[in-house]
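Here is a short report on one protein chain. Look at the sequence and the fold, then read on.

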Amino acid sequence: MAPLAAAATAKWGAAACHSFPAGSLKTAYSLSSSFWTHPPSLKIAYGGRGRSIDGACGILVIARKKSGFAELLFNRRNEQEGRLQQRPRLQRGRVSPRLDVPANIPRPPYVGLPKEPEFVDDYQIQDAEGIAGMRAAGKLAAAVLNYAGTLVKPGVTTDEIDKAVHQMTIEAGAYPSPLGYGTFPKSVCTSVNECICHGIPDSRALLDGDIINIDVTVYLNGYHGDTSKTFLCGNVTDEAKQLVEVTRESLNKAIAVCGPGVEFSKIGKTINDLADKYKYGVVRNFVGHGVGKIFHSGPSILHCRNNEPGRMQLNQTFTIEPMLTMGTIKGRVWDDRWTVVTEDGSLTAQFEHTLLITETGAEILTL
């Protein structure tokens, strides 16, 4: 689950402010809309359906916004090339009641609180026990995600996927991390077609030709494992397939540059360079994050080009989770205060892994 990044006016809801060292990106956290709020220098728009989140609160982290002129040129280019899909816009279905978790399964500290936890700036550096815990949590998250992917077929509802994820998670003695993170009511995020992130599972049946990102996070023995993939449903267009494959490749290329002492900004440059080759947009309002005993912490991993400071440290754990679009990178928040969709209805794809920085590079914990 990615924290929300509010776009500067000059990242799973809303959140409470935190600050970064001088000169670095400032982000925040809150819950009713996503996971982060904003410092005074950032503009947040809490959304009803159709309202922009050029700045917003969310489960991902906040990044600087492309200039209005650059955004206009980007949108015109895609429209002129006819790459914006003409398909019915995503509509919300019925959301079923929240599922129960057995009392003997340990909960993350935020469950049952009236609001989401405050964002923690500190990096999560693991000792031997932490590395073992993160490997176990990552392995389970990957297994749950792969199983969820087998359910992606025309006619299957995202609510059915949520129930399957929930059941497999609790049977393993783990807690589904999204459930009860602030007001998020489900155990997994399911983001279909133009949904950028934080889609709430509901009664809508998947259609032939859909693409769907399934974002799984499990809390096992005190550690969170966080991962997502975009899956193809039935007969998907070549354009959609390419978007999905390029997004997957952007994550893999970003992972390949990671290692002790490497600047975090290399991640964004690597992803943005590949996206540019295919004329895809890189979503800036949501970012990767530190993960471990805490669901969302520093650093904020921007997926676009940036000059933010910070270097990777040995035994550090964090996520990379790029979101690429075929059209605009601007999003709108539905009035459920979680679901974020592209403003123009264009397709978007996302992939995510939890990483451990090692002496020789990065170990993917969610394989």
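## Histidines and salt bridges

In this predicted model, the side chain of His296 makes a polar contact with the side chain of Tyr181, at 3.3 Å. His296 sits in the loop between β10 (288-290) and β11 (297-301). His296 is buried, with 0% relative accessibility.

The unreviewed UniProt entry lists His296 and His198 under "binding site". His198 lies in the loop between β6 (195-197) and β7 (211-220). His198 counts as buried because its relative accessible area, 2%, is under the 20% cut-off.

Now turn to charged side chains. Side chains of opposite charge can pair when their charged atoms come close. The whole structure holds 15 salt bridges. The table shows some of them.

| Glu363 | Arg135 | 2.9 Å |

Where do Asp276 and Arg305 lie? Asp276 is in helix α5 (residues 265-277) and Arg305 is in the loop between β11 and β12 (317-320), so this pair ties together parts 29 residues apart in sequence.

Glu363 and Arg135 link distant parts of the chain. Glu363 belongs to strand β18 (residues 361-364), Arg135 to helix α2 (residues 128-150), and 228 residues separate them. Glu363 is partly exposed at 24% relative accessibility. Arg135 is partly exposed at 40%.

Glu245 and Arg248 share helix α4 (residues 238-256). They are 3 residues apart, about one turn of the helix.

Salt bridges also form a network, which links Asp159, Asp162, Lys163 and Lys186.

Terms used. Residues are numbered from 1 along each chain as its sequence is written. This is a predicted model: local features need pLDDT of at least 70, side-chain atom pairs count only at pLDDT 80 or more; totals for chains, interfaces and linings use all residues. Side-chain values use heavy atoms; hydrogens and water are left out. UniProt positions are given in the numbering used here, feature names are shortened, and annotations may be inferred rather than shown by experiment. Helices (H or I, at least four residues) and strands (E, at least two) are DSSP runs, numbered from the N terminus. Buried means under 20% relative accessible area, exposed over 50%, partly exposed in between (1.4 Å probe, protein chains only). A polar contact is a pair of N or O atoms within 3.5 Å; within protein, one must be able to donate a hydrogen and the other to accept it, and residues adjacent in sequence count only if both atoms are side-chain atoms. A salt bridge is a side-chain nitrogen of Lys or Arg within 4 Å of a carboxyl oxygen of Asp or Glu.
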